[in-house]
Each structure stands twice: as C-alpha cells, then as structure tokens.
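Here is a short briefing to read alongside the structure. Have the model open and follow the topics in any order you like.

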Amino acid sequence: MTVLDYEKLYNSYYLQVYSYVMTIVKDQHQAEEITQNTFYKAMTAKKGYAGKSSEQTWLCSIARNLAMDECRKSTKFTELDEEQLEQPDNMVKSLENKDTALQIHLILHELDEPYKEVFQLRIFGELPFSQIGMIFGKTENWARVTYHRARLKIKERMDRNE
C-alpha cells in the first residue's frame with residue numbers, strides 16, 4: 001500500500017476502530033492512543049493487508065490485540081458504563097432499573113473470555129457475527145454460539161441472584 005492508500009484507510013475506518021477500542025478500554029485518551037497505534041502498526045507491519053477479510057476486520061483485529069495488551073498492563077481496567085447497556089438488544093432493552101443494570105455489569109465483569117468480549121463486541125460494538133468471528137480467527141457460527149452462551153450465562157447468574 002502507498003501512503004495515499006493508508007491515508008484513505010485511516011479516513012475511512014478511524015471512527016469504527018476508535019469506537020471498537022472504546023468498547024474494550026472505556027477510556028477516551030487510551031482509546032485514541034490505541035487507535036493511532038493500530039493504524040501505525042497496519043502501516044509498518046511486515047505482513048500487510050492480505051485481503052482475507054475486510055479492511056475494517058483486519059484493523060479491528062490489530063486494535064483488539066493492542067487493546068488487550070494494554071489492558072493486561074493496566075491495573076485500572078474499568079467496568080462497563082451503565083449508558084452502554086442502552087444499546088439495542090432484547091435483554092438489554094428489558095432493563096427496568098439501575099439495580100438490574102448494575103447486576104449485569106457485575107456479572108459481565110466476572111464473565112470468562114471469550115464470552116465477555118464476544119458479548120461486548122456484539123452489544124456495545126454492534127459488530128455482526130461474521131466480523132466477530134474473523135476477529136477471533138473463528139467462524140461466524142462460532143461467534144453466534146459463543147454470544148448465545150454468554151447471554152445464557154448472564155441470564156443464569158441473574159436468575160440465581162434474584
């Protein structure tokens with residue numbers, strides 16, 4: 001890719017990558033930094049874009065790896081914001097009060113990977129299952145099943161706490 005191609009890539013996908021990173025790190029400054037590093041890494045990578053997935057999926061995979069590295073380093077990996085629970089999803093739409101929202105936050109915070117991240121990507125990142133599968137190097141069906149299992153785990157733990 002030429003410099004112009006990377007500039008076009010940056011202009012086309014910056015907001016999507018930034019939004020995705022925000023779902024992981026939940027800190028504006030850190031998300032901006034990781035997003036910038038994502039495009040820098042994409043530009044300087046020995047293995048460039050191979051065309052096996054969409055450019056957005058490729059960039060989100062790089063961003064995910066950088067964000068997860070950053071989260072491992074950071075001891076202040078924050079919990080989910082309550083506002084994020086207002087994203088479109090039947091279970092999330094059914095939240096009636098802040099106590100229920102807090103309960104979901106606490107359950108999600110303790111949920112094992114990959115369930116936690118797949119749920120966040122689907123609900124907060126609003127990514128289709130095909131892109132979630134590609135980010136993990138798995139199939140769309142794997143993403144659907146993992147998301148479904150995450151929902152069941154959350155519901156089961158909520159039912160236990162009632």
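This is a predicted model: local features need pLDDT of at least 70, side-chain atom pairs count only at pLDDT 80 or more; totals for chains, interfaces and linings use all residues.

Buried residues account for 42% of the 162 residues. Among contacts between residues at least 6 apart in sequence, 66% join residues at least 24 apart.

**Overall fold**

- Along the sequence, the pattern reads α-α-α-α-α-α-α-α.
- The chain exposes about 9,900 Å², and carbon and sulfur atoms supply 47% of that area.

**Aromatic pairs**

- The chain has 7 aromatic pairs.
- Tyrosine 14 and phenylalanine 39 form a stacked pair, because their ring centres lie 6.4 Å apart with the planes at 25°, and a plane angle under 30 degrees counts as stacked.
- This pair links distant parts of the chain: tyrosine 14 belongs to helix α1 (residues 3-25) and phenylalanine 39 to helix α2 (residues 28-44), 25 residues apart.
- Tyrosine 14 counts as buried at 19% relative accessibility, since the cut-off for buried is under 20%; phenylalanine 39 is buried too, at 9%.
- Phenylalanine 119 and tyrosine 147 are also stacked, with ring centres 5.8 Å apart and planes at 15°.
- Phenylalanine 119 sits in helix α6 (residues 115-123) and tyrosine 147 in helix α8 (residues 140-161), so their pairing ties together parts 28 residues apart in sequence.
- Phenylalanine 119 is buried at 0% relative accessibility, and tyrosine 147 is buried with a relative accessible area of 8%.
- Ring pairs join Tyr10, Tyr14, Tyr18 and Phe39 into a cluster.

**Charges over rings**

- Arginine 64 lies over the face of phenylalanine 136, 4.4 Å from the ring centre.
- Lysine 153 lies over the face of tyrosine 115, 4.8 Å from the ring centre.

**Salt bridges**

- Side chains of opposite charge can pair when their charged atoms come close. The whole structure contains 3 salt bridges.
- Glutamate 140 and arginine 144 meet in a salt bridge at 2.9 Å, N to O. They are 4 residues apart in helix α8, so about one helical turn separates them.
- Glutamate 140 is partly exposed at 36% relative accessible area, as is arginine 144 at 40%.
- Arginine 160 and glutamate 156 form a salt bridge with their closest N and O atoms 3.2 Å apart. Both residues lie in helix α8, 4 residues apart, about one turn of the helix.
- Arginine 160 is exposed, with a relative accessible area of 57%, whereas glutamate 156 is partly exposed at 48%.

**Helix α7**

- Helix α7 (residues 129-136) is mostly covered, with 6 of its 8 residues buried.
- Its buried residues are Phe129, Gln131, Ile132, Gly133, Ile135 and Phe136.
- Phe136 is the residue whose ring face has arginine 64 over it.
- Just after α7, glycine 137 takes a positive phi of about 70°.

Methods
Residues are numbered from 1 along each chain as its sequence is written. Side-chain values use heavy atoms; hydrogens and water are left out. Buried means under 20% relative accessible area, exposed over 50%, partly exposed in between (1.4 Å probe, protein chains only). Helices (H or I, at least four residues) and strands (E, at least two) are DSSP runs, numbered from the N terminus. Contact means heavy atoms within 4.5 Å. Accessible areas come from the Shrake-Rupley method with a 1.4 Å probe; for residues, only the protein chains shown count as cover. Rings of Phe, Tyr and Trp (its six-membered ring) pair if their centres lie within 6.5 Å; planes under 30 degrees apart count as stacked, over 60 as edge-to-face and the rest as tilted. A charge sits over a ring if NZ of Lys or CZ of Arg is within 6 Å of the ring centre and within 35 degrees of the ring normal. A salt bridge is a side-chain nitrogen of Lys or Arg within 4 Å of a carboxyl oxygen of Asp or Glu.
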